[in-house]
Amino acid sequence: MNGSHTIMPPVLQQSRFRLAKMDCPSEEQLVRLQLAGMRSVVALDFDLAARCVQITHDGSYRPVWQALVRLNLGAEYLGSRVVPAPVATAADGATARQRRLLWQVLLINLLLFVLEMVAGWWAQSMGLLADGLDMLADAAVYGLALSAVGAGVIRQQQVARSAGVLQAALAVWGLVEVWRRFLGWEGMPVFEIMMAAAALALVGNSACLYLLHRQQDGGAHMRASVIFTANDVWVNLGVILAGVLTHVSQSKYPDLLVGMVVFVLVAQGARRIWRLADTP
């Protein structure tokens, strides 16, 4: 036969999973890291409000499902459908722009971490120290997500385990120090330094939020970054409020209460990252 034949475009599977325990952007990053080493996975689309993820992949859904089950997030398979394979387009350039933006946000978080740690020691403010460590926790999640690209699963787990151990150690130290100061005779923190450093951090996080909002074509991972940064803004406002209450009440307890709450958040972040390191 000398007639031409039609070449059918390649197809992929698009499977939807519900993750009952995916209640914050940290879990989204854990899922991304868990699936980063799977060559069959082509794309991820998260719906945090519905606690679902739609995964475009090649072949059976079962290896993907098994990888999700190992995260202990209550993975439930909802179904699959056949979709055409995507063609590489200008979306690759958009991904590169998103990576550059995430690097900028990561570097700003690290600078704010250094600022608040130095100011926290100087002002003897547990709220500032906790806020600084919260910045480090977020930077660790961004760094893990970026370092996962092109890395093997074992390498990802090593990085996650190191970050989780560091965060957990810092959170435990912070909670112990807060308790010691509750029982001790330390004086009040310097509220002027508290408020000034927290205000600078607020400016930095607001700049990050502005940059992230400019990325209008971003996917769910960019929306998760917006949520992270918005949470940081609220923590900054909490430290500023603690500074005001410290000045008004002439008491150290507002600062200690804010520090305790943020250290608990840092400890929860460490638990989530450590969960990833324990997955086979």
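Phe-263 touches Met-126, Leu-129, Ala-130, Leu-133, Leu-170, Ala-171, Trp-173, Gly-174, Leu-175 and Val-178, leaving aside residues up to four places away in sequence, where contact means heavy atoms within 4.5 Å. This is a predicted model, in which local features need pLDDT of at least 70 and side-chain atom pairs count only at pLDDT 80 or more, while totals for chains, interfaces and linings use all residues. Residues are numbered from 1 along each chain as its sequence is written, and side-chain values use heavy atoms, with hydrogens and water left out.

Phe-263 is buried, with a relative accessible area of 0%; buried means under 20% relative accessible area, exposed over 50%, and partly exposed in between (1.4 Å probe, protein chains only). Phe-263 also belongs to the residues with the most contacts inside the largest nonpolar core, which has 30 residues, and Phe-113, Met-126, Leu-128, Leu-133 and Val-239 are named with it. Such a core is a set of buried Ala, Val, Leu, Ile, Met, Phe, Trp, Tyr and Cys residues joined through side-chain atoms within 4.5 Å. The elements that give two or more residues to this core are H3, helix H4 (126-147), H5, H6, helix H7 (220-249) and H8, and H4 gives the most, with 7 residues. Helices (H or I, at least four residues) and strands (E, at least two) are DSSP runs, numbered from the N terminus. Apart from this core lies another, of 17 residues, among them Leu-35, Met-38, Tyr-61 and Ala-67.

The structure holds 7 aromatic pairs, counted when rings of Phe, Tyr and Trp (its six-membered ring) have centres within 6.5 Å, with planes under 30 degrees apart taken as stacked, over 60 as edge-to-face and the rest as tilted. The rings of Trp-121 and Trp-173 have their centres 5.8 Å apart and their planes at 45 degrees, so this pair is tilted. Because Trp-121 lies in helix H3 (residues 91-123) and Trp-173 in helix H5 (residues 153-183), the pair ties together parts that are 52 residues apart in sequence. Trp-121 counts as partly exposed at 46% relative accessibility, and Trp-173 counts as partly exposed at 32%. Trp-173 also forms an edge-to-face pair with Phe-263, at 6.4 Å centre to centre and 90 degrees between the planes. Since Trp-173 lies in helix H5 and Phe-263 in helix H8 (residues 253-277), that pair ties together parts that are 90 residues apart in sequence. Elsewhere, Phe-17, Tyr-61, Trp-65 and Tyr-77 form one aromatic cluster.

In helix H2 (residues 62-69), Val-64, Ala-67 and Leu-68 are buried. They cover an arc of only 100 degrees around the axis, which puts them on the same side of H2; the arc is that of the directions from the helix axis to the C-beta atoms.

Gly-204 lies in helix H6 (residues 191-214) and is buried, with a relative accessible area of 13%. Gly-204 touches Ile-108 and Leu-112, not counting residues up to four places away in sequence, and its C-alpha atom is separated by 8.1 Å from that of Asn-109, 95 residues apart along the chain.

A word on confidence belongs here. The protein averages a pLDDT of 76, and 69% of the residues score at least 70; pLDDT is the predictor's confidence in each residue, from 0 to 100.
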